[in-house]
Amino acid sequence: MLDPSDIKASVAAGLITEAQAASMAALAHSRKGARENLAPGDEPFELFKGFNEIFIVVGLMILATGWGLVVGSIYIAEISNPQQEAVLFGFLGAAVLWGLSEYFVRRRRMVAPAIALSVLFAGNAALALTVYFAQPFMVAREDYSSLPLPFALGTVALLLYWLRFRVPFAMAMIAVGLFIVAMLMAATTSGTPQDISDLFLLSAGGPFAFITLVLGLAVFAVAMAFDMSDPHRVTRRSANGFWLHVVAAPALVNTMALTLLEQDTQTANMILLVILAIFALVAIIIDRRSFLIAAIGYIVAIATTVFDGAGAAWTILMLGIVLLLLGAFWERIRASLLRLMPGFVPLHRLPPSSFSRD
């Protein structure tokens, strides 16, 4: 095992450059926490490194609450020019959050505060821009034509935040922001959906379901690009891919599943089972349990709302058994599937299996 003195000795001997030594140190640091002492084949996941991070997150939440109450009291006292005040307080809030991110994210490399700060930054940007650009009387009449611009600008602001701090969770919020902007634009041009199911049914009126499906595929493609650039999952690129899979999978599963369930035929149910099996195979091959959890979670939700009594109980019981079996033998199943992959599949860009493929 290498330690810092070995790296320094390698630089002194001319084996590696200072830049390479710095990159190695950064890589070693990125593997700390959830990536350290992982079992072979396990998927890295990290929300916080210790209770001190939770302590800081609580402080951030209290700070944000106090800031909101102060701003709200000023708005009540001086409501003469709400748009100008929205810009002022929005910039002040963004500056404070940016400064806190410089310390807690870039310098301290904390995980939970990074997630909290990215959420607060996104909320601050979306609220300030919405107050400045949106027309409340138009929104009250279900005219959302004034909303796409502030949400699009808020998504761009969050993208700038990600480019600076590389918080993986922010990437998921960017994807959600794109969904919101696309849905608002569709609602502006095609009318608002009559029911929540219209957002997922391909047979429903309006382009909402197609937008969900296309954006879901696009987010999945970006997630795979991050994953394939880091097959050993030792950098934050892998974490970006993880959170994007969390966003992509529900969009894809819900759209296909609800469309087929609406038909309520045996053929549609069989097609749904085939699609879910394909999702499971894809999740195992790319080694993303989050992708499969989205599908299984959706089936459980359907089982508790569509099926009656014993049917729901047996369905959930069987899904629990399947998940436990996959959790116990995930790597063995994955190794078997990888052996069956044709030659054109770039296995070297996928996480290696801990079992031999010889």
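Rings of Phe, Tyr and Trp (its six-membered ring) count as an aromatic pair if their centres lie within 6.5 Å; planes under 30 degrees apart are stacked, over 60 edge-to-face, and the rest tilted.

## Aromatic pairs

A search of the whole structure turns up 13 aromatic pairs. W98 and F165 make one that is edge-to-face, at 5.0 Å centre to centre and 65 degrees between the planes. This pair links distant parts of the chain: W98 is in helix α4 (residues 82-107), F165 is in helix α7 (residues 148-165), and they are 67 residues apart. Helices here are DSSP runs (H or I, at least four residues), strands are runs of E (at least two), and both are numbered from the N terminus. F165 is buried, at 2% relative accessibility. W98 is partly exposed, at 28% relative accessible area. Buried means under 20% relative accessible area, exposed means over 50%, and partly exposed lies in between (1.4 Å probe, protein chains only).

F220 and F291 form a tilted aromatic pair, 5.2 Å centre to centre with 45 degrees between the planes. One aromatic cluster takes in W98, F121, Y161 and F165.

## Model and fold

The model is predicted: local features need pLDDT of at least 70, side-chain atom pairs count only at pLDDT 80 or more, and totals for chains, interfaces and linings use all residues. Residues are numbered from 1 along each chain as its sequence is written, and side-chain values use heavy atoms, with hydrogens and water left out.

The secondary structure comes to 13 helices and zero strands. The chain has 358 residues, and buried residues make up 41% of them.

## Salt bridges

The structure holds four salt bridges. Each is a side-chain nitrogen of Lys or Arg within 4 Å of a carboxyl oxygen of Asp or Glu. E102 and R106 meet in one, at 3.7 Å, N to O. These two are separated by about one helical turn, because they are four residues apart in helix α4. E102 is partly exposed at 25% relative accessibility, and R106 is partly exposed at 39%. A network of salt bridges links E102, R106 and R164.

D227 and R288 form a salt bridge at 2.7 Å, N to O. This pair links distant parts of the chain, 61 residues apart: D227 is in helix α9, and R288 is in the loop between α11 and α12. Both ends are buried: D227 has a relative accessible area of 4%, and R288 has 0% relative accessibility. Next in the chain's own numbering comes R289, which bridges to D287 with the closest N and O atoms 3.5 Å apart. R289 counts as partly exposed at 25% relative accessibility, whereas D287 is buried at 3%.

## Positive phi

Most residues other than glycine have a negative phi. D287 has a positive phi of about 60 degrees although it is not a glycine. D287 sits in the loop between α11 (266-286) and α12.

R166 is not a glycine either, and has a positive phi of about 55 degrees. R166 lies in the loop between α7 and α8 (168-190). R166 is partly exposed, with a relative accessible area of 35%.

## Surface patches

R166 also belongs to a patch of positive charge on the surface, together with K49, R109 and R236. Patch members have over 30% relative accessible area and no salt bridge; like charges are joined within 9 Å, and nonpolar side chains (Val, Leu, Ile, Met, Phe, Trp, Tyr) within 5 Å. Lys and Arg count as positive, Asp and Glu as negative, and His and the chain ends are not counted. The place of a charge is NZ of Lys, CZ of Arg, CG of Asp or CD of Glu. K49 is in the loop between α2 (18-30) and α3 (51-77). K49 is partly exposed, at 41% relative accessible area.

A nonpolar surface patch of about 510 Å² is made by L317, M318, I321, L325, F329 and I333. Accessible areas come from the Shrake-Rupley method with a 1.4 Å probe, and for residues only the protein chains shown count as cover. L317 lies in helix α13 (residues 310-340). L317 is partly exposed, with a relative accessible area of 44%.
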